[in-house]
Amino acid sequence: MALDIYKINPEFRDIMPKEIIELEENATWAQNQERPRGIKELPETKELLEEHSLCAGCPEAATLRYVLSALPKPEDTVIVNSTGCTSLMFPHIALHTVHSLFGNQNAVASGIKRVLEWRFPDTQKDVVVLAGDGATVDIGLDYTLQSFFRQEKITTICFDNEVYANTGGQESGMTAKGQVFKMAPTGKKFDKVPMWELAKTSGCHYSVNMTGSAPKAVAKAVREAILVAREIGPTYLNIYTPCILEIGLSANEGLGEMKDQDKDRFASYKHVSPEAEEYLKKCKKEGLL
Amino acid sequence: MSKITDMTKTHNWSGQKLVSIDHMLFEAPRTKHFMTGSEVLKEAVKRATVDASVSYPITPQSEAAHLIGELWAEGYVGVYFRGENEFGVMSEVAGCSMAGARTITTTSGPGTLRAMENFAQWSGTRAPMQLVLMARGINSPLTIQPDNLEVQYLLETGCMIWYAENVQELFDMSLAAFTVAEQPDVHVPIITAVDGFFVSHTREAVELPDDDIALQPYDPYAAPLPPIDSEMPPGRFLRDPFVMKSNYISYATHASWQWEIRSAVERSKRYARHLLNGLVHITGNEDAEIAFVTCGTASNQAKEGQRELEKLGIKSKVIKLRTIRPFPEEELIEALEGVKYVFVPEFNVVGWLANEVKAKLYGKVDVNIHAGPRVAGGMSLPAEAIIQEVMEVVNPGKGA
C-alpha cells in the first residue's frame, strides 16, 4: 500500500469524524519503515487502535494494543478475526480486517494469504489470525490445525481467556479442569487443551504460550512469529488474557492475575524450529528484530 | 506454474487472448465436441481467467474438482488446493474472493449443507465468487443419486442461483456467471446449479469456442467494497460500540444491507437477460392452455411430455426458468398468457420450485397451479408419469 494515499477528499473534510482527520494527519505508517515500531511508540501511534468498546481494564484490549504495536508492516497486514470480544474491537482498528464466521478464521486467512501471494508476488503481505479460544480451539480447531498441516504462511494468535466470554461465560476447551462455568455446572471434566503443543506437532515453526502481562515480551513474540510466518511457515501464539468479568476480578486486577499465572499454568513455553531459529538470527542481523 | 505477472493487456498469464464475454458467447467460432458436464466445466474454467479455486471431494462433483486442479497444474488457474471439508472450502474461497481473486469452487448436496453458513456470509460480504453445484440427494438414508433439495436451502442466502439444463448450458452459463456476478452494481456470489449425474456424467454434443481465448480478468478495484489486499487505505469505521451492541444500529444496518443484497440480485436481471438470451426459455405450442414450469433436467423430461401430449392432440408448452434468484417473475407472467393449467415437475420430494412459482404468481395470474409430478432421491421422471399427472388433473376420472 502506498503510504501517502490516505487523503480525505477536501470536499468531505468538514463532515469527516475527528478520528478520520487525525488518522490522515498523524498516521505513522511511513515511520514504521525506517525503524521497527514497538510498544514504546504506542502513545504516538494511536492510528491502529485509538478506542475500544471492551470492559474497563480488560487484559485482552491491552494485549491487542501490544500486538498491533509490534506488527512489522501494519500497512501491508491483514487481520482475520472471529466472533467474540475481539470482534468488538476490530471496527476501531485502521487495518484491513475481516470478520467472518465463528471458527473459520484460519480457512479464510488461508485463502487471503494464497491470493495475496498470487496477486502481489513482489510485495510482502502479512496475514494474521486473531481470535479467542472458543473460535481457535473448539469450533475452529479443525481449520486451525489444518492450516498448520498445509503449512499456510500465516500467524495465528489465540487470546486465551479460558472461557466463552462474549456469550456469557461458558466453559471452553481451554478452561482448566474442574473450573465451574456455565455449561459446566459441576466443573469442567477434562484438562485444558495444550494448544501450543498441538501447534508444534501440527507443523508450526514457532509456538509460544505466555500471558499478556509483559508488553515487551508480547511484542517480541508477535514480531518473531510474523517474520517466521513470512518465510518459513505457520506460527502460533497462545496468550492468556483473562476475562476479569467472568472470573470475578475488578478492573484493576487483570494484570495481577496474568502475573500470577506467569509462574504457574502459563509458565513460558517456546518452540522454535531449527529453520525458524536460523531465520530469526538473520532478521536480527538485518535490524528487523 | 503460471504467474499473474505474466499477464499483458492482450493476453492472460497462460497466453490466451483476452476477449469480451460477448465475443466468447456469441461471436467466436465454435466447434462440436462430445463431453460430460464435468469435462465441459473444465473447458469453461479454462477460458475464464480464473485466479483461484479450492476443492473438496464429494460425489458427483469430484471429477469437476479434479479437472480444475489439472488446469492449475497446466497453468490456467492461479491458486488451487484441497480444503479440509466443505465448510473450510467455502471459507477459503471466501478469503480468495475477498482478497480480489476471480474464484470458483464446486460441491454437491451434503457438502452444501455442511457449508451452509458460508453462503449467507458470502453474499453479506458481496464477494462475487461462483459455486457450481452438482445437485445430489441429502442423507439420510445414504444416497449419491441426484436430487436438488439443497437448492431449496440456498434460496434465501442472498446468492444468485442459475440452473443449467444440460452440458451446453453449463458451459455458457458458468462463463456468463462470472461476468454478471462481477458487475459493480451486482457484485454478489452466484451458484450455478445442475442436476448431478444427469448433467455431470452425461456425455452430450457441445459447441465450444477455441481454447486460445479467455475472459478479461476480474478487476477487484471496480468492486463496490474494497478488496482485502491492503492496497487501499483502511480507516476506523466505527467510533461507537459495534453494531450488535446497539439494537437500533443493528436493525438499521441489517435492514438496509439485506435489502441492498436482494436489490443487487434483482439488478443482475438486465445482464442475465442479454448473456443467457432471456431468463426463461419457452418450447412447445404458443397457444397452449397447459404449461410446465421447470428448471434443470426436469425441463428436458417436460419437453418429452410436451411432445407426447402433442401426439395426443393436446397443446402444451414448457417454460424453463434459467434463473431462480433472481426469479423471472415478469417473464413467467408474460409466458402464462392464455394458460389455464400450470404443472411444476420436479426432481425433489418437497416441491420447492412449485412453492416458489405459487408464491410469485399469487394474486397475479388466474391459473390453476399443480405442484407436480415429483420424484425424489435420484429417480428419473418419465414422460409417462408427466402425462398421467396432466390427464388426471385436466381430464379427471377419465385416465391418461
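Both faces of strand S5 of chain A are covered in this predicted model: A:Tyr206, A:Val208 and A:Met210 on one side, and A:Ser207, A:Asn209 and A:Thr211 on the other, are all buried (under 20% relative accessible area, with a 1.4 Å probe and protein chains only). The strand spans residues 206–211, and six of its six residues are buried. Helices (H or I, at least four residues) and strands (E, at least two) are DSSP runs, numbered from the N terminus.

S5(A) pairs (at least two DSSP bridges between the strands) with two neighbours. Six bridges join S5(A) to S6(A), residues 235–240, in a parallel arrangement, with A:Val208 opposite A:Leu237. Four bridges link S5(A) to S7(A), residues 269–272, which runs antiparallel to it; here A:Ser207 stands opposite A:His271. Together with helix H8 of chain A (residues 215–231), S5(A) and S6(A) form a right-handed β-α-β unit (with the strands pointing away from the viewer, the path from the first strand over the helix to the second runs clockwise).

H8(A) also contributes five residues to the lining of the second largest pocket, the largest share. A pocket is an open set of points on a 1 Å grid over the protein atoms alone, where a 1.4 Å probe fits, with protein on both sides within 12 Å along at least five of seven lines; lining residues have an atom within 4 Å of a point. Helix H10 of chain A (274–285) supplies at least two lining residues.

Residues are numbered from 1 along each chain as written, and chains are lettered from A and ligands numbered from 1 in the order written. Local features need pLDDT of at least 70 and side-chain atom pairs 80 or more, while totals for chains, interfaces and linings use all residues; side-chain values use heavy atoms, without hydrogens and water.

Methods
Buried means under 20% relative accessible area, exposed over 50%, partly exposed in between (1.4 Å probe, protein chains only).
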